[in-house]
Amino acid sequence: MPSFDPYERGCPSRDLLDQIGSKWAVLVLGELGRNGTSRFGHLRQALAGVSEKMLTQTLRTLERDGLVSRTVYPEVPPHVEYELTALGQTLRAPLKALTEWSVLHIEEVITAREEYDDRTERTR
């Protein structure tokens, strides 16, 4: 079995980290984890600020990586639903922990940003 090290150039695990670490992927995976199967319109509404193009691109990438499944029901108009796969479900706990960390520490991060901006502004 090959050894995958995301710190090595060209390692496929680095690409995967890039994909699942993107803002919209984290939010899509989180929304599907919290609310289960969802239609495109629900996801677009739940993820304020995401464009239709970006949501489509994110869902396709997550589907290609085996994290999200897409089911099309033969109706008029077509009815499409998205849900986490078993593999996608394994990301729920790590992403929840990351989300909780960001909420818990956002005030400290905002303070650090302001202090940094003040320091760098004075040196200009």
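**Questions on a predicted chain**

Me: What share of the 124 residues in the chain do buried residues make up?

Reply: This is a predicted model, in which local features need pLDDT of at least 70 and side-chain atom pairs count only at pLDDT 80 or more, while totals for chains, interfaces and linings use all residues. Residues are numbered from 1 along each chain as its sequence is written, and side-chain values use heavy atoms, with hydrogens and water left out. Buried means under 20% relative accessible area, exposed over 50%, and partly exposed in between (1.4 Å probe, protein chains only). Among the 124 residues of the chain, the buried share is 23%.

Me: In what order do the elements of the chain run from the N terminus on?

Reply: Helices (H or I, at least four residues) and strands (E, at least two) are DSSP runs, numbered from the N terminus. The chain has six helices and three strands. Starting at the N terminus, the order is α-α-β-α-α-β-β-α-α.

Me: Is the chain more spread out or more compact than a compact globule?

Reply: The C-alpha atoms fill a box of roughly 60 × 40 × 25 Å along the principal axes. The radius of gyration is taken over C-alpha atoms, and the globule rule is 2.2 Å times the number of residues to the power 0.38. For 124 residues that rule gives 14 Å, and the chain has 18 Å, well over it, so compared with a compact globule the chain is more spread out.

Me: Which strand does strand 2 join through six bridges?

Reply: Two strands pair if DSSP finds at least two bridges between them. Strand 2 covers residues 68-73 and runs antiparallel to its partner. The two form a hairpin with five residues between them. The partner is strand 3.

Me: Which residue in strand 3 does Arg39 stand opposite?

Reply: Strand 1 (residues 38-39) pairs with strand 3 in the antiparallel sense, over two bridges. In this pairing, the residue opposite Arg39 is Glu81.

Me: Which residues touch the most other members of the largest nonpolar core?

Reply: A nonpolar core is a set of buried Ala, Val, Leu, Ile, Met, Phe, Trp, Tyr and Cys residues joined through side-chain atoms within 4.5 Å. At least two residues of this core come from each of helix 2 (23-35), helix 4 (52-64) and strand 3 (79-84). Helix 2 gives the most, with six residues. Of the 20 residues in the core, those touching the most other members are Leu29 and Val68.

Me: Which residue in strand 3 is the bridge partner of Val68?

Reply: Contact means heavy atoms within 4.5 Å. Val68 is in contact with Leu29, and so are Leu62, Leu67, Leu84, Leu91 and Leu95, leaving aside neighbours of Leu29 within four places in sequence. In strand 3, Val68 has as its bridge partner Leu84.

Me: Is Val28 buried or exposed?

Reply: Val28 lies in helix 2. Apart from neighbours within four places in sequence, Val28 contacts Leu47, Leu55, Thr58, Leu59 and Leu62. Leu55 is 27 residues away along the chain, with 8.3 Å between the two C-alpha atoms. With a relative accessible area of 0%, Val28 is buried.

Me: What is the relative accessibility of Thr58?

Reply: Thr58 is found in helix 4. Not counting residues up to four places away in sequence, Thr58 touches Trp24, Ala25 and Val28. Thr58 counts as buried, at a relative accessibility of 7%.

Me: With which residue does Arg34 form a salt bridge?

Reply: A salt bridge is a side-chain nitrogen of Lys or Arg within 4 Å of a carboxyl oxygen of Asp or Glu. Arg34 is exposed, at 64% relative accessible area. The closest N and O atoms are 2.8 Å apart, and the partner is Glu31.

Me: How many salt bridges does the structure hold?

Reply: Glu52 and Arg44 meet in a salt bridge, at 3.7 Å from N to O. Glu100 forms another with Lys96, with 3.6 Å between the closest N and O atoms; both of these residues lie in helix 6 (residues 92-122), four residues apart. Together with the pair of Arg34 and Glu31, the total is three.
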